[in-house]
Amino acid sequence: MTDPVVATGYRPSHIAGNAALLTPMQRELIDRVAQLGPRFAERAVRHDREASFPVQNREDLRAAGLLGICVPRAQGGLGADYATYLLVSAEMGRWCGATALSFNMHVAASLWAGEIADALDMSVDQRADHDRKRSLHFRRMVAEGRLYAQPFSEGGAAAAGVAPWGTVARKTDGGYVVNGRKIFASLAGVADYYGVLCTLDLPGHAEGGTRDDAMYLAVPADAPGLTVQGDWDPLGMRGTVSRNLEFTDVFVPEDARLMPEGLYAQAASRFPHMFATLSPTYLGVAQAAYDFTVRYLRAEVPGMPAVKRRMYPTKQHAVAEMRIRLEAARALMLQVARDARIDPDTDTRMRLFAAHHSIMEGANDICRLAVRTCGGQALLKSLPLERLYRDSRCGSLMLPWTAELCLDRLGRECLYQPDEQDEVID
Ligand SMILES: Cc1cc2nc3c(=O)[nH]c(=O)nc-3n(C[C@H](O)[C@H](O)[C@H](O)COP(=O)(O)OP(=O)(O)OC[C@H]3O[C@@H](n4cnc5c(N)ncnc54)[C@H](O)[C@@H]3O)c2cc1C
């Protein structure tokens, strides 16, 4: 890993721990991100302050071929699988959390349409049609360097996975007409396509569609009727520019489908590991907070007075506590990467909820300890720690698996078999 700042002092760990256990491809892709990292970290300062998207990072990612990271090799991509992507995402998060989180929204479209769709049940005709349509999306990502966003959230129960999407797609000649509203759309105003989850409004469907009628459509950013709305001045992850999107009679052709009609519900229930792709970003943020703390206590932060603080036992204990939590989070991320598969059993799903919760809450905890340990001077905006602290707070608020919802689901699964219910008590 290249990090000129620490050439002679502290040498940060590899994001995966023992890099020797990785495949050559995993090592190479992580290194590719590590090469870009110092530039991302430098730009993060301005984009955090402005709450603007680091467009130069997008160009760097494109030039490095990373916009096609999970696009199959046969389609011109790098062909990385889910597990490899998690590691790459964590490395990116260590340099710029907002870039890694936004990148996740883009990569998710290729994972849903690629590796996940390959594992689903489809008829022969559906599969052939999907192959044709996804090759169009993959070509856009790889050959044209197009960026896909993933606006799912609507501010209601849909993003938590318990209600149909309020955004609706009505079938029309040659495509669909989309109406609705999405909130918190990372890459708003920057993405070329918005991978929108909506409900297919079937004629005669009295309730206006169920969760099984979910559709996944890539809406072009310049489609008439699509507008980006609202301001963006949040606590953290400011560079994601997650503004709102309004869809008013937006027409998209049939080839906008990222998955065949009705397949998203199957994908979401059979491949729950997809929802854990958010957490490596936050592991990366936690790693950055730990790295900063070690450098700070060793008086190796550039531009700071050379005052060492490492000799105090309280600092040593605090940094040990941070390291323990960081290694636990890293181990859990590696476990998630190993466990991911179609139709995980109940135990695997419970491990997944536990891991996701631990990484998201753990990242914020590590950043909290970093702030307490480094002290007041480390909170200046000229240093990255206060940004890491703010960014880390966002992880466990992200649907569908907020920290609270992980507890809800895990607690229920710990105590009930799938078909068990309690007697109603009046
Ligand atoms: C920096 C950032 C970037 C984001 N980017 C994206 C993006 O690109 N795409 C996207 O789709 N979303 C994105 N989100 C949105 C995110 O995933 C959540 O949808 C959003 O944070 C939810 O906020 P809310 O106030 O609407 O939550 P609410 O829905 O009001 O929920 C508040 C809390 O209540 C709990 N809760 C919610 N529903 C239930 C339920 N049914 N049962 C029990 N408890 C429940 C949860 O713990 C939740 O944290 C982003 C969020 C942030 C902070």
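**View 1. Alanine 51 sits in the loop between α1 (24–50) and α2 (55–63).** Helices here (H or I, at least four residues) and strands (E, at least two) are DSSP runs, numbered from the N terminus. This is a predicted model, where local features need pLDDT of at least 70, side-chain atom pairs count only at pLDDT 80 or more, and totals for chains, interfaces and linings use all residues. Residues are numbered from 1 along each chain as its sequence is written. Alanine 51 has a phi near 55°, a positive value in a residue other than glycine.

**View 2. Aspartate 343 lies in the loop between α8 and α9.** Here's another positive phi: aspartate 343 is at about 55°, although it is not a glycine. Aspartate 343 counts as exposed, having 11 other C-beta atoms within 10 Å.

**View 3. Helix α8 (residues 313–339) meets helix α9 (residues 346–374).** Their axes come within 9 Å and cross at roughly 155° (axes are lines fitted to C-alpha atoms, for helices over the stretch in contact, and angles run from 0 to 180 degrees between N-to-C directions). That makes α8 roughly antiparallel to α9 (angles over 145 degrees count as roughly antiparallel, under 35 as roughly parallel, 65 to 115 as roughly perpendicular and the rest as oblique). In the contact of α8 with α9 you'll find 16 nonpolar, five polar and seven charged residues (Ala, Val, Leu, Ile, Met, Phe, Trp, Tyr, Cys and Pro count as nonpolar, Asp, Glu, Lys and Arg as charged, and the others, Gly among them, as polar).

**View 4. A cis peptide bond joins leucine 399 and proline 400.** Omega for this bond is about 10°. As for its place in the chain, proline 400 belongs to the loop between α10 (385–394) and α11 (403–415).

**View 5. Stepping back, the protein chain has eleven helices and seven strands.** Its C-alpha trace spans about 75 × 60 × 40 Å along the principal axes. Of the chain's 426 residues, 47% count as buried. Take contacts between residues at least 6 apart in sequence, and 77% of them join residues at least 24 apart (two residues are in contact if their C-beta atoms, placed from the backbone, lie within 7 Å).

Notes:
Buried ≥ 20, exposed ≤ 12 C-beta atoms within 10 Å, placed from the backbone.
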